Amino acid sequence: MIDLYMQNDCPYCNKVISFLNDNNILFNKYDTSNDDNVLRLLTIGGKEQVPFIYDSQNDVRLYESDDIIKYLSDKLK
């Protein structure tokens, strides 16, 4: 399952969330307004930037919304 690190007021995060929802992709949502989620993000990704996805099944870590959507689109093919 995809882990998405995001913030509610982030338009790029909302773009990724819309894509995930529109394509019925299940994901775990981690809001980085929670300090524990920020620490987890830093541990997995290395920097405090959102949106960030971690696909643990394929060990894929991506930050940019367009890169995230492209990766997810390719997985749907």
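Two strands pair if DSSP finds at least two bridges between them; strands (E, at least two residues) and helices (H or I, at least four) are DSSP runs, numbered from the N terminus. The model is predicted: local features need pLDDT of at least 70, side-chain atom pairs count only at pLDDT 80 or more, and totals for chains, interfaces and linings use all residues. Residues are numbered from 1 along each chain as its sequence is written, and side-chain values use heavy atoms, with hydrogens and water left out.

Four strands form an open sheet in the order β2-β1-β3-β4, with mixed pairing. Its edge strands, β2 (27-31) and β4, each pair on one side only. Strands β1 and β2 run parallel and are joined by five bridges. Ile2 stands opposite Phe27 in β2.

Helix α3 packs on this sheet, touching β1, β3 and β4 (contact means heavy atoms within 4.5 Å). The buried residues of α3 are Ser65, Ile68, Ile69, Tyr71 and Leu72, where buried means under 20% relative accessible area, exposed over 50% and partly exposed in between (1.4 Å probe, protein chains only). They cover an arc of only 160 degrees around the axis, so they lie on the same side of α3; the arc is that of the directions from the helix axis to the C-beta atoms. These buried residues pack against β1 (2-6), α1 (11-22), β3 and β4 (60-62).

Asp55 lies in strand β3 (residues 52-55). Asp55 is buried, with a relative accessible area of 1%. Leaving aside neighbours within four places in sequence, Asp55 is in contact with Ile2, Val60, Tyr71 and Lys75.

Conventions: Axes fitted to C-alpha atoms, helices over the stretch in contact; angles between N-to-C directions.
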